[in-house]
Amino acid sequence: MNLDYLEITGGVPLQGKVTVTGAKNAVTKMIVASLLSDKVCIFTNVPNISEVEITLELCKELGMSVTWDRENHKLEVVTKKIKTRKIPQRFSGANRIPILLIGALLGRVNEEIVVPTVGGCHIGKRPVDFHMSSLTTLGAEVEYRKIGKESVYIARAPQGLTGKVITLDYPSVGATENTILAACRAKGRTVIKNAATECEILDLILFLQKCGVSIFVDADRTIHIEETKTFYPCEHYVIPDRIVAASFGMAAIATKGRVFVKGAMQEHMVNFLNQVREIGGGFRVEKDGIEFYYDGPLKGGAHIETDVHPGFMTDWQQPFSLLLMLADSSSVVHETVYESRFGYIHTLKEMGARVDFFTKCLGGKPCRFALQNHNHSIVVHGNAKLSAKDIAIPDLRAGFAYVMAALIAQGTSKISNLNFLDRGYEDLGQKLKALGALVERKSNQVVLI
């Protein structure tokens, strides 16, 4: 068994160009959405990341045929027939995809569906109540059941699914996606109010429309879906990953470098770019990407409040908090999406960062975590001097914040648990090395007896 780690020596400005491929949070959902149809679906700009691998393995269990040209980032899938309705338990906790299979399969099979419990990064409870409420409203029966040591969701729609008007209590991305998938084959029209409208969801909607689904979005977070009886083969270009694009941009600024991020799309990063400029970071938008650069000392006094789209993404928060640690004064970050997303801060404090935690909402308005004793607000003090440290990554986005910290820290850091980074970043070590970083991916060989 290989236990890979990154060895990073800090202090070198990143320089050059890096290309961003398709968004993890878009392509994995579209792979699942292709299960609605028995027609060929072709995706281009597909990232070579483990999250795609896991999703494909899961879908192949159901009968999906896959041809993946990794070198050219092209993927062709088709599911002529659903071969099983029970997903093996080995996929339990692998990622957040299994729960979406309920919405995708309920309208295609008549029998009971069994899927393992969800997984992914440990950044908060991320309850599936919103999913279950919507699916139940459409006519599904969903139950959580513990069978021995296994935990599964069992779903069925004995009378079929029927379109309804559904109002989500919170604009959850996953619940919106699951409801959309179920609605595609539900009788009549489904209307989803207070839906999530992230650009990855809009990309999913564009893909479904190509497949034959009549679907559109109103300006007031309302999505309309008509019952679909005829599907078509289609080809779809996956939007570039705005989280990866922002990550490289922040790394360029933090290391006092200059990096052109090919594929970064301004329209997907408006709120982020505003905050970059507010703290004194530099960027220049070009037709095929965005160049990020250090433009002098960073300014503190920022107030970052994460939120659903079009707000500041929770997945931008961790590396941006690191930027704030380098600013000339203190700033505030209020996390409103996940209640346990500041766990990564403790390691950065051990490296030399100065951060104070608060259970109060240090934001413009109280969020749903108010008065619940969660440390969901921080005050980040500037002028941090970081020292190298050996770090075990706890989750994907914290992982990149640690990589950024290592890139600017004095000394050499060793970062392990790369399986988290591999979920969302394609060839990260090689791309950083091409930008001039002193980084090597190494392996600890472990012999199992």
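For describing the lining of a space, Ala, Val, Leu, Ile, Met, Phe, Trp, Tyr, Cys and Pro count as nonpolar, Asp, Glu, Lys and Arg count as charged, and the others, Gly among them, count as polar. The model to which these classes are applied here is a predicted one.

With these classes in hand, consider the second largest cavity. Its lining consists of Leu-6, Leu-418, Leu-421, Asp-422, Leu-428, Gly-429 and Arg-441. By class, these residues divide into four nonpolar, one polar and two charged. The volume of the second largest cavity is about 40 Å³.

The structure holds three cavities of 30 Å³ or more. The largest cavity has a volume of about 80 Å³. Of the 13 residues that line the largest cavity, Thr-21, Val-244, Gly-424, Tyr-425 and Glu-426 lie nearest its centre. The elements that give two or more residues to this lining are H7 and helix H13 (428-434). Sorted by class, the lining of the largest cavity has seven nonpolar, three polar and three charged residues.

The lining of the second largest pocket comprises 14 nonpolar, three polar and three charged residues.

The aromatic rings form the next topic. A pair of aromatic rings is described by the distance of the centres and the angle of the planes. A search of the whole structure finds ten such pairs. In one of them, Phe-272 and Trp-316 are tilted, with 5.2 Å from centre to centre and 40° between the planes. Phe-272 lies in helix H8 (residues 270-278) and Trp-316 in helix H9 (residues 314-325), so this pair ties together parts that are 44 residues apart in sequence. Both Phe-272 and Trp-316 are buried.

Phe-272 also pairs with Phe-320, in an edge-to-face arrangement with 6.3 Å from centre to centre and 75° between the planes. Because Phe-272 belongs to helix H8 and Phe-320 to helix H9, the pair ties together parts that are 48 residues apart in sequence. Phe-272 counts as buried because its relative accessibility is 0%, and Phe-320 counts as buried because its relative accessibility is 1%. Ring pairs link Phe-272, Phe-292, Phe-312, Trp-316 and Phe-320 into a cluster.

The charged end of Arg-277 sits over the ring of Phe-283, at 3.9 Å from its centre. Lys-414 lies over the face of Tyr-5, and here the distance from the ring centre is 4.9 Å.

His-236 is found in strand S13 (residues 234-237). Is His-236 buried or exposed? His-236 counts as buried because its relative accessibility is 3%, where buried means under 20%. The side chain of His-236 makes a polar contact with the side chain of Lys-210, at 3.0 Å.

Terms used: Residues are numbered from 1 along each chain as its sequence is written. This is a predicted model: local features need pLDDT of at least 70, side-chain atom pairs count only at pLDDT 80 or more; totals for chains, interfaces and linings use all residues. Side-chain values use heavy atoms; hydrogens and water are left out. Rings of Phe, Tyr and Trp (its six-membered ring) pair if their centres lie within 6.5 Å; planes under 30 degrees apart count as stacked, over 60 as edge-to-face and the rest as tilted. Helices (H or I, at least four residues) and strands (E, at least two) are DSSP runs, numbered from the N terminus. Buried means under 20% relative accessible area, exposed over 50%, partly exposed in between (1.4 Å probe, protein chains only). A charge sits over a ring if NZ of Lys or CZ of Arg is within 6 Å of the ring centre and within 35 degrees of the ring normal. A polar contact is a pair of N or O atoms within 3.5 Å; within protein, one must be able to donate a hydrogen and the other to accept it, and residues adjacent in sequence count only if both atoms are side-chain atoms. On a 1 Å grid over the protein atoms alone, a cavity is a set of points where a 1.4 Å probe fits but cannot get out, and a pocket is an open set with protein on both sides within 12 Å along at least five of seven lines; lining residues have an atom within 4 Å of a point. Grid points are joined across faces, edges and corners, and a volume is the space filled by probe spheres set on the points.
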